[in-house]
Amino acid sequence: ATITLIEGNNSIRVEAVNRDGSANDEVNVRFQKAVPPAVTITAPDDNSTVSSPGVTLRARLQNVNDRRQITVSHNGASLSNFNYNTSTGELSAEVTLAEGSNTLRVRAATNDGSDEKSVNVTYRKATPPTVSITAPENNSTTTTATTTLRARLQNVSNRNQITVSQNGNGLSNFNFNTSTGELSTEVTLAE
C-alpha cells in the first residue's frame, strides 16, 4: 500500500491478530520535503555588452552546502577558480571574456535537485574615435579670408558624433562622408 506521509514525524504501525494472539511492530519515519538548490546570477547583466575583457561573475545560491555541488562554466569550459561562501551563498569568479559573444553558466546539483542559470555577455573591444586634420596645416598663414577645413575621422558612424568649432563657436555646416571618414567645410577666418 502507498502511504502519504505528512511533513515531520510519522508513526507507522502494523498489527496482526488471530485466534492464538496478536503481534505488532512500529516504525517512525521523518518526512522532510526536498529543498532543491536555487541559482540567481547577479552580475554581469544578461545580454550586456562590455568593452573590457575582464568581468566578475557573481551569483547567489540557496540550499547548496558544498562547493563541489557547483559547476561554473564559460562558453562550455568548466571553471574551477571560483569562490563560494557557504554561509552567505555568494559565488564569485573572475572571467576573461573572448571577443564576441560569451555564455557564463552557474549550475548547482544536490540530492534534492538541480538549478542552473546563464547570462550572455558580449565583449567588444573599445574603438575610440581618431581625428586627423589634413588641411589647413597647423600654424599656417593665408592671405584669403576663407579656407577649406579637411579632416579624416575613424570609428565614427554618423555626423551626430562630430563637433566642429571655430574659436569656440560651433559650426554645423560641415560635410561628413560616412564611407570614407572624410570631413570638409568652408571656414571664414577672423582677422
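On a 1 Å grid over the protein atoms alone, a pocket is an open set of points with protein on both sides within 12 Å along at least five of seven lines, where a 1.4 Å probe fits. Its volume is the space filled by probe spheres set on the points, with grid points joined across faces, edges and corners.

Before you start clicking, note that this is a predicted model, in which local features need pLDDT of at least 70 and side-chain atom pairs count only at pLDDT 80 or more, while totals for chains, interfaces and linings use all residues. Residues are numbered from 1 along each chain as its sequence is written, and side-chain values use heavy atoms, with hydrogens and water left out.

**Stop 1: the largest pocket**

Select Ile133, Pro136, Leu149, Ser165 and Val187: of the 27 residues lining the largest pocket, these lie nearest its centre. A lining residue has an atom within 4 Å of a point. The space in this pocket comes to about 680 Å³.

Now colour strands S12 (130-135), S13 (146-154), S14 (164-166) and S17 (182-188), the elements that each give two or more residues to the lining of the largest pocket. Strands here are DSSP runs (E, at least two residues), numbered from the N terminus. Which strand gives the most to the lining? That is S13, with 4 residues.

**Stop 2**

Two strands pair if DSSP finds at least two bridges between them.

Zoom in on S8 and S9 (residues 90-96), which run antiparallel and are joined by 4 bridges. Pick Tyr84, and look for its bridge partner Leu91 in S9.

**Stop 2: the sheet of 5 strands**

Move on to the open sheet with the order S4-S11-S10-S6-S7, where the pairing is mixed. Its edge strands are S4 (48-50) and S7 (77-79), and each of them pairs on one side only. Neighbouring strands of this sheet are turned against each other by 30° on average, direction ignored.

Within this sheet, show S10 (residues 100-110) and S11 (residues 113-123), an antiparallel pair with 11 bridges. Arg105 stands opposite Ser118 in S11.

**Stop 3: salt bridges**

- Select Asp66 and Arg68: their closest N and O atoms are 2.6 Å apart. Arg68 is exposed at 74% relative accessible area, whereas Asp66 is partly exposed at 24%. Buried means under 20%, exposed over 50%, and partly exposed in between (1.4 Å probe, protein chains only).
- Select Arg107 and Glu116, a salt bridge with 3.3 Å between the closest N and O atoms. Arg107 is partly exposed at 34%, and Glu116 is partly exposed at 34%.
- The Glu15 and Arg13 side chains meet at 3.5 Å, N to O.

Key:
A salt bridge is a side-chain nitrogen of Lys or Arg within 4 Å of a carboxyl oxygen of Asp or Glu. Axes are lines fitted to C-alpha atoms, for helices over the stretch in contact, and angles run from 0 to 180 degrees between N-to-C directions.
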